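Visitor: I would like to learn how to read the packing of helices in a model like this one. Could you take me through it slowly?

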Amino acid sequence: SEMEAHRLGDEAYLHKDRDKLKQMEETYLESVKYAHKCKSYKQMFTPYYWASRYFMLFKDAPKAIAYSRKTIEEAEKHCPDARRSYVDKLEDCAQYLKKNDKKWKRFRKIIITGENRVVRKLSRRKI
């Protein structure tokens with residue numbers, strides 16, 4: 001399901017197709033539901049990251065902000081470890097939020113007080 005959403009996102013971007021973008025979003029959300037059912041912890045937060053990236057490409061700031069926040073919030077709850085690629089994804093979202101989210105300072109406090117190892121590593125980066 002997540003791979004299908006990637007393809008839909010690529011098609012949406014290549015063809016500037018908002019209908020495909022909507023399908024992509026729905027498919028990412030569906031993949032999160034499946035992840036919870038089968039306890040695939042990585043997929044409980046990474047689909048939100050990929051959705052945020054596509055909305056960034058489409059310059060849809062409200063959705064990019066929402067999914068960037070959701071990525072970090074869900075990583076705090078579900079991320080299984082603190083490998084660099086996960087921290088990099090969270091940092092990508094945090095940097096976007098820092099530049100585009102009026103509520104960044106308040107949200108940053110959530111990151112600083114995070115308990116999950118991946119969020120603690122994120123908080124040590126320059127965000």
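Guide: Let us begin with a contact, which means heavy atoms within 4.5 Å: in α3, Y48, Y49, A51, S52, F55 and M56 meet K63, A64, Y67, S68, K70, T71 and E74 of α4. The residues of this contact divide into 7 nonpolar, 3 polar and 3 charged, where Ala, Val, Leu, Ile, Met, Phe, Trp, Tyr, Cys and Pro count as nonpolar, Asp, Glu, Lys and Arg as charged, and the others, Gly among them, as polar. This is a predicted model, in which local features need pLDDT of at least 70, side-chain atom pairs count only at pLDDT 80 or more, and totals for chains, interfaces and linings use all residues. Residues are numbered from 1 along each chain as its sequence is written, and side-chain values use heavy atoms, leaving out hydrogens and water.

Visitor: At what angle do helix α3 and helix α4 pack?

Guide: Two packed helices are described by the angle between their axes and the distance between the axes. Here α3 (residues 46–57) and α4 (residues 61–78) pack at about 160°, with axes 8 Å apart, and they are therefore roughly antiparallel to each other, a term for angles over 145 degrees. Helices are DSSP runs (H or I, at least four residues), numbered from the N terminus.

Terms used
Axes are lines fitted to C-alpha atoms, for helices over the stretch in contact, and angles run from 0 to 180 degrees between N-to-C directions. Helices (H or I, at least four residues) and strands (E, at least two) are DSSP runs, numbered from the N terminus. Angles under 35 degrees count as roughly parallel, over 145 as roughly antiparallel, 65 to 115 as roughly perpendicular and the rest as oblique.
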